[in-house]
Amino acid sequence: MSMEFLFATGIGWIVAIGVYLMLRGRSFSVVLGLSLLGYAVNVFIFGMGRLWSAAPPILGAKELLADPLPQALVLTAIVIGFATTGFVIELALRSHHDGGSDHVDGRPDADVHDEPKR
Amino acid sequence: MNWIDTHLPILPVLLPSVTAIALLLLGDHGGEDAAHGHRKLLWARRLALASVFLGLLVAARLVAEAADGGVRAYLVGEWPAPFGIALVVDRLGALMLLLTSLVALPVLWYATGGWDAHGRYFHAIFQFQLMGLNGAFVTGDLFNLFVFFEVLLIASYVLMAHGQGVVRLRVGLHYVVLNLAASALFLVGVSLLYAKAGTLNLADLALRVPELAGADATLAQSAAWLLLVVFGFKAALLPLSLWLPATYAAACAPVAALFAIMTKVGVYSIWRVHGVVFGADAGASAYAVEAVLLPMALGTCVVGVLGALAAHTMERLVAWLTVASVGTVLVAVSLFNTSAWSAGMYYMANSTLVIAGLFLLAELVAAQRGDAADRLEPAAPLAQPALLGVLMLLAAASAAGLPPLPGFIGKLMLLEASTAHTWQVAVWTTVLAVGFLTLVGLARAGSILFWHVRDDLPAGSYSGSSPKLVGATLLLLATTVAMSIFAAPIQRYTSAAAQQLEDRDAYARAVLGAQTGRSETTRPYTGKVAAPPAAAASAAGGQR
């Protein structure tokens, strides 16, 4: 049970949950799914600089140093993801308010009381 | 002037962003009421138009410089190339910049005819959209490509919902969610590629991807596949194209016309990444996606034109034609030879202008048809059947590829380039059949719109038809005619651009400077300390 195995399965779980939520009918769960997917991707980027323990991304601090570039990339990705999530929440709220339903296809609430069994 | 000349490659990004900030500071009319004559709106229009016109001049200058040869690299802050932010303008990039400006100027002019007053901050968002588009075309770095994708997407989310209404908000939500999912895949692909190649600079990638072998090459190729999904989604490649017609048809006309260039960002990225980095000389990863790209591109053409035949509104028809035209360009990309690429660039420039013109025209026609609007059913006669009919004929003939219009020249070049290719029969059949069916679809639409009129209804009003609106549409279509007149110089340019694209060493020399090929640092950085000599050297390299 290495750190890599734990890391990879963790990302896999979060992606699976995110994808499941994104396929739901209500915009709220879709937004949640998108956020989870975003988290999983951020952790994935971080992991692509290899996993280190006790290795700061600073030159000269130690013999072993972590690759700082993915950490910089992940910061950018977090910021962008944060902004877009904010926007999509606002858009979903607006769509709910104007269309009278928070179903992603705008179906009226009466039709989607329960998740349809197909 | 010298100063401007030095910083010319970054101006296409800086100019719209500075203008957008100025427009935000200027403020807007603050709501719907009496917006048309509002002082701030008038100033915003002047500022935005002036900026886009300046952008056109800059793009034209860059094209003129690129035509002389050299790839021009601009290192932001003078950080050395594979590490800092590099902007690169080569012939293809300059062509795309010019195309963006050529579409943006008439579209913005059209939008000042009234659409910009239907919501807030239209001009500022429009400039941000241009900044994202231009940035995507000049960046020489895969991660910056992602950043500029996000800039142009965030702007497009807002533009998409411009004018509001239930349909736009609902379709806009789909559009945003799908794009966010695609962005997540983009990041996965980019970081996977970084993990294997240790760089995201396109010039550096083009040198390092060929060196990968075995499991590393397989992982790099899976990154290429992920990126194909992302770019294919933006470009509306077949299984990922079904979002496009609903979205584009729901957006208001000038926005849809501007979005015509947005699909080309996807095509452009496929060109750069899959055409060059994973192209002919990519070692174990050569032609990584060719086996799927070509059939999918052909399928995109077919689905696009079938959708156009089945469309029941004019805007949907044009949106489906966008899909078909993107398919044709992608066929050219996936033939992987310079003459096909040249044909693809020519056809792409033409089809973008025609599609943008058709989107504007569709709204002009719809405005004069009373309640029927843009639905393809008999309705009141138009107020200006001759003028709009001629424009429609011109656009239709160019979209379908009838001589002597540029659509024909582009397709002819493509057909010529595909001879001797193993898929020649499929390419010829598809391109010719798609051209014919496009003509059928547009002829059907045209005859319903212009001839199949109901005499029992009063003739349409001139509403929505001012000299400005017609002039903007005319300008777009006139540009395509000009492309036909100047076909020879343009074709020389595109074929030089295609050759330049394939020459990855020259590109690398221009971007990476003297230290071509290997720099002394070790990438990808693995940080192994206690190990055999080679790895120890690499650890030392990593600490530099």
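Predicted model: local features only at pLDDT ≥ 70, side-chain atom pairs only at ≥ 80, totals over all residues.
Let me begin with the strands, where β1 of chain B, residues 72-75, pairs with β2 of chain B, residues 86-89, in the antiparallel sense and over four bridges. One of the residues involved is B:R72, whose bridge partner in β2(B) is B:V89. In a regular strand, the side chains alternate between the two faces of the sheet.

Turning to the helices, α3 of chain B, residues 39-67, and α5 of chain B, residues 122-138, have axes that come within 10 Å and cross at roughly 15°. Because angles under 35 degrees count as roughly parallel, α3(B) is described as roughly parallel to α5(B). The crossing of these two helices is left-handed. On the α3(B) side the contact is made by B:A44, B:R45, B:A48, B:S51 and B:G55, while α5(B) contributes B:H123, B:F126, B:Q127 and B:L130. By class, that contact has four nonpolar, four polar and one charged residues.

Finally, the two chains: 27 residues of chain B are in contact with 33 residues of chain A. On the chain B side, α6, residues 142-160, and α7, residues 166-197, each supply at least two residues, and the largest share, 17 residues, comes from α7(B). The residues on this side of chain B divide into 19 nonpolar, six polar and two charged.

Notes: Residues numbered from 1 in each chain as written. Chains lettered and ligands numbered in written order. Pairing = 2+ DSSP bridges. Axes fitted to C-alpha atoms, helices over the stretch in contact; angles between N-to-C directions. Parallel < 35°, antiparallel > 145°, perpendicular 65-115°, else oblique. Left-handed = near helix turned anticlockwise from the far one by under 90°. Contact = placed C-beta atoms within 7 Å. Nonpolar A, V, L, I, M, F, W, Y, C, P; charged D, E, K, R; others polar.
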